[in-house]
Amino acid sequence: MAQHLSSRNPLLANGPLAVGVVSTLPVLEQFVGLSPKERSETCDLVELRLDELNLPTAELEAVIDGCEFPFLLTARHPAEGGKAPEDPTARAAMIEPLLSRAALIDIELRSAAGMTQLIQQAHHLGVGVIGSFHDFSATPAEHVLRGAAEFAQQAGLDAVKIATFLNQSEDLALLLRILADPGRLRHSVMGMGPLGRVSRLVLAKCGSLLNYGYLGESNAPGQWPVAKLKKLLTEI
């Protein structure tokens, strides 16, 4: 069953959470305009894709001002499906001014070494840091995925997100094995492609903490509309 957040730290939730991905200003304004009850019925967190929104910090702060809702901040690397600069310092500069509004931030594992200061600032404020790994064409070998989780732990991150393209049912079985022995970090694991939708339900049921759907339009193959995903998570 999907869980409501009981603290500022979503990583302490004891069940799957639905994350609504926001990539455009009109969709964000529409969500902020909902009543608190309507927002909580839609999703558990909102991921602000800063690289897609491409708004000055002051303008974005004005939009979300007064909206008491958990935000996940992401400035995605172009090699992993984003539109932010490759330079980790530039991406960190997109996130840092908004840290006080964040419940979580997401950085790519490939950028952890270049974002050490941002990680430290986030932890100082009690903001959890997710290390993410994406493969939009395949599901890598098991040792690669386990290595990603081990690297996230060594880098001092709080959770790991693994999103891969599922070309066959065996790929989903592999992601399930990753979840079956997650180690000490919280895991969010999801599939993309034709098997993406069913994989997200199965993986959520088997322990994936953050489960991503879309608000507005999908930004990854295999996503559910987040309100429907949240409803389904309460039924499985």
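**A short tour of a predicted model**

Buried here means under 20% relative accessible area, exposed means over 50%, and partly exposed is in between, with a 1.4 Å probe and protein chains only.

A quick word on the source. This is a predicted model, where local features need pLDDT of at least 70 and side-chain atom pairs count only at pLDDT 80 or more, while totals for chains, interfaces and linings use all residues. Residues are numbered from 1 along each chain as its sequence is written, and side-chain values use heavy atoms, with hydrogens and water left out.

Back to our phenylalanine. Rings of Phe, Tyr and Trp (its six-membered ring) pair if their centres lie within 6.5 Å; planes under 30 degrees apart are stacked, over 60 edge-to-face, and the rest tilted. That rule gives one aromatic pair. Phenylalanine 31 and phenylalanine 69 form this edge-to-face pair, with 5.1 Å from centre to centre and 75 degrees between the planes. Phenylalanine 31 lies in helix α1 (residues 25–32) and phenylalanine 69 in the loop between α4 (57–64) and β3 (71–74), so the pair ties together parts 38 residues apart in sequence. Helices (H or I, at least four residues) and strands (E, at least two) are DSSP runs, numbered from the N terminus. Phenylalanine 69 is buried too, with a relative accessible area of 12%.

The charged end of lysine 161 sits over the ring of tyrosine 212, 4.2 Å from its centre, and that of arginine 197 sits over the ring of tryptophan 224, at 4.7 Å. The rule asks for NZ of Lys or CZ of Arg within 6 Å of the ring centre and within 35 degrees of the ring normal.

Now, which residues bring helices α8 and α9 into contact? Leu172, Leu175, Leu176 and Leu179 in α8 meet Ser199, Val202 and Leu203 in α9, contact being heavy atoms within 4.5 Å.

Is asparagine 54 buried or exposed? Asparagine 54 counts as exposed, at 63% relative accessibility, and its place is in the loop between α3 (50–53) and α4. Its phi is near 50 degrees, a positive value in a residue other than glycine. For context, most residues other than glycine have a negative phi. Glutamine 117, in helix α6 (residues 116–124), is exposed at 58%.
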